Amino acid sequence: MKTVLLIGASRGIGFELASQYIADGWRVIATARSDDGLARLKGLGAQTLRLDVANPASNSGLSWLLDGEKIDLAIYVAGVGDRETTLSPPTREKFDLLMHTNAMGPMMVLPQIAPMLAEASGTFAAISSHFGSLTLTETSMAALYRMSKVALNMYIRCAQHDFPDIGCLALHPGWVQTDMGGAQAPLTAEQSAASLRQTLERVRTQQRPEHRGAFLNHDGTPLPW
């Protein structure tokens with residue numbers, strides 16, 4: 001049975017990924033911060049771990065919690081957003097929250113689970129955003145969020161050099177009907193998760209050189225940095 005680790009899976013795309021992977025026969029290990037989130041994931045049949053990705057102390061214990069595991073696929077889904085432009089200076093608390101969750105979190109997680117992924121020739125995927133593309137930036141909306149995703153994308157590019165035995169990539173999930181995306185978004189969480197899973201299965205099984213350290217749309221289309 002293949003094993004997927006989902007970091008931040010209590011709601012939205014993460015929860016839908018957990019549901020779909022379980023339905024497809026995968027063993028799912030999923031993390032959440034709250035009792036409610038953990039209970040919802042347990043209700044799906046997932047093995048759960050309590051983890052606060054914005055808290056370095058919480059993050060640092062992940063390898064101990066997963067001791068002895070072999071992981072085929074790990075997806076860092078956790079993320080927080082913000083819509084302010086550069087006209088509004090961020091508070092230190094807001095800056096820290098976005099950077100800790102969206103950028104530092106993956107930097108804390110990957111080194112701890114890389115040996116477990118390498119044992120399975122596995123893949124580490126981080127849910128990024130097309131807002132993290134310098135080339136595609138045409139507005140100042142969500143400036144701090146964009147900055148955090150640019151940082152995440154750079155980490156993925158760098159990490160691929162340090163972890164050559166696994167595949168690392170950044171994925172844009174599309175504009176999705178979640179708390180962050182809003183009800184007007186064209187994709188449901190179910191549609192986004194299904195598309196992401198198809199792309200990840202191709203990447204995981206084909207292991208093509210161009211997928212290593214790549215930035216892809218949910219449908220597998222390459223995105224500009």
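How much of the accessible surface of this chain belongs to carbon and sulfur atoms? Of about 10600 Å² in total, 53% does, with areas taken by the Shrake-Rupley method with a 1.4 Å probe, where for residues only the protein chains shown count as cover.

Quick housekeeping, folks. This is a predicted model, so to speak of local features we need pLDDT of at least 70, side-chain atom pairs count only at pLDDT 80 or more, and totals for chains, interfaces and linings use all residues. Residues are numbered from 1 along each chain as its sequence is written, and side-chain values use heavy atoms, leaving out hydrogens and water.

Okay, the fold. We've got 7 helices and 7 strands, which are DSSP runs numbered from the N terminus (H or I, at least four residues, for helices; E, at least two, for strands). Reading from the N terminus, the order is β-α-β-α-β-α-α-β-α-β-α-β-α-β.

On size, the C-alpha trace spans about 50 × 40 × 35 Å along its principal axes. Of the 225 residues, 51% are buried, meaning under 20% relative accessible area, with exposed over 50% and partly exposed in between (1.4 Å probe, protein chains only).

Now, aromatics. The whole structure has 3 aromatic pairs. Take Phe-131 and Tyr-145: their ring centres sit 6.2 Å apart with planes at 70 degrees, so this pair is edge-to-face. The cut-offs, for rings of Phe, Tyr and Trp (its six-membered ring), are centres within 6.5 Å, then planes under 30 degrees apart for stacked, over 60 for edge-to-face, and tilted for the rest. Phe-131 is in the loop between β5 (123-127) and α6 (143-162), while Tyr-145 is in helix α6, 14 residues away. Both of them are buried.

Last stop, Trp-225. You'll find Trp-225 in the segment after β7 (214-217). Is Trp-225 buried or partly exposed? Partly exposed, at a relative accessible area of 33%. Beyond its neighbours within four places in sequence, Trp-225 is in contact (heavy atoms within 4.5 Å) with residues including Gly-132, Ser-133, Leu-134, Asn-153, Arg-157 and Phe-215. And Leu-136, 89 residues from Trp-225 in sequence, is 8.2 Å away in space, C-alpha to C-alpha.
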